[in-house]
Amino acid sequence: AAGLSSDLLERAADVQIKEGRKLILVPRETPLSLIHLRNLTALAEAGVRIVPAIPAWYHNPQSIEDLVDFVVARALDGFDIDCVPLTRWKEDTAIAQE
């Protein structure tokens with residue numbers, strides 16, 4: 001968020017932002033401090049997609065692997081990659097359950 005790159009990974013992210021390419025950030029720290037939140041906001045304003053490593057429960061996970069798969073699937077969705085076996089939410093499913 002500050003435009004500094006101290007290693008190859010940070011430099012690659014910096015170039016993605018500079019070139020207007022897709023960049024997905026998966027923060028894992030918790031709780032987030034005000035500094036974290038401000039930096040994440042600056043990155044989102046620069047076009048970075050923020051995908052917190054927070055699994056959902058609506059797909060009824062049965063294992064830790066299911067929880068991990070959910071977060072990975074959400075991150076890969078930003079690149080239009082659908083390679084994680086995950087039951088997707090469907091509008092007609094929600095209506096049928098009401």
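Okay, one term before we start: accessible area here comes from the Shrake-Rupley method with a 1.4 Å probe. With that in hand, the chain exposes about 7,500 Å², and carbon and sulfur atoms supply 58% of that area. Keep in mind that this is a predicted model.

So, what is the layout? The chain has four helices and two strands. Going from the N terminus, the elements run α-β-α-β-α-α. There are 98 residues, and buried ones make up 20% of them. If you take the contacts with a separation of 6 or more, 43% are between residues 24 or more positions apart.

Let's look at helix α3 now. How well does its length fit what a helix should span? With 14 residues at 1.5 Å a residue, α3 should span 20 Å, and its end C-alpha atoms are 20 Å apart, so the two agree. Several residues of α3 are buried: Leu67, Asp69, Phe70, Val71, Ala73 and Ala75. What covers them includes β1.

Some of those names come back in the largest nonpolar core. Which residues are in that core? There are six: Ala56, Phe70, Val71, Ala73, Val84 and Leu86. Take Ala56 from that list. Leaving out its neighbours within four places in sequence, Ala56 is in contact with Pro61, Leu67 and Phe70.

The side chains of Arg74 and Asp77 meet at 3.1 Å, N to O. Both residues lie in α3, three residues apart, which is about one turn of the helix. Here's the general idea: an α-helix has 3.6 residues a turn, so residues three or four places apart point the same way. As for Asp77, it counts as partly exposed because its relative accessible area is 22%, and buried would mean under 20%.

How many salt bridges does the structure hold? Five. Another of them joins Asp80 and Lys22, with the closest N and O atoms 3.3 Å apart. This pair links distant parts of the chain: Asp80 sits in the loop between α3 and α4, Lys22 sits in the loop between α1 and β1, and they are 58 residues apart. Is Asp80 buried or exposed? Asp80 is exposed, at 66% relative accessibility, while Lys22 is partly exposed at 43%.

Lys18 counts as exposed, with a relative accessible area of 55%, and Glu19 is partly exposed at 43%.

The C-alpha atoms of Val48 and Lys22 are separated by 6.9 Å, though the two residues are 26 apart along the chain. Where is Val48? It's in the loop between α2 and β2. Val48 is buried, because its relative accessibility is 6% and the cut-off for buried is under 20%. What does Val48 touch? Setting aside neighbours within four places in sequence, Val48 is in contact with Ile17, Leu23, Leu25 and Leu43.

Last stop, the outside. Leu32, Leu34 and Leu37 form a nonpolar patch on the surface, with about 260 Å² of accessible area together. One of them, Leu34, lies in helix α2, which covers residues 34-45.

Notes. Residues are numbered from 1 along each chain as its sequence is written. This is a predicted model: local features need pLDDT of at least 70, side-chain atom pairs count only at pLDDT 80 or more; totals for chains, interfaces and linings use all residues. Side-chain values use heavy atoms; hydrogens and water are left out. Patches are made of residues with over 30% relative accessible area and no salt bridge: like charges are joined within 9 Å, nonpolar side chains (Val, Leu, Ile, Met, Phe, Trp, Tyr) within 5 Å. A salt bridge is a side-chain nitrogen of Lys or Arg within 4 Å of a carboxyl oxygen of Asp or Glu. A nonpolar core is a set of buried Ala, Val, Leu, Ile, Met, Phe, Trp, Tyr and Cys residues joined through side-chain atoms within 4.5 Å. Buried means under 20% relative accessible area, exposed over 50%, partly exposed in between (1.4 Å probe, protein chains only). Contact means heavy atoms within 4.5 Å. The expected span of a helix is 1.5 Å times one less than its number of residues.
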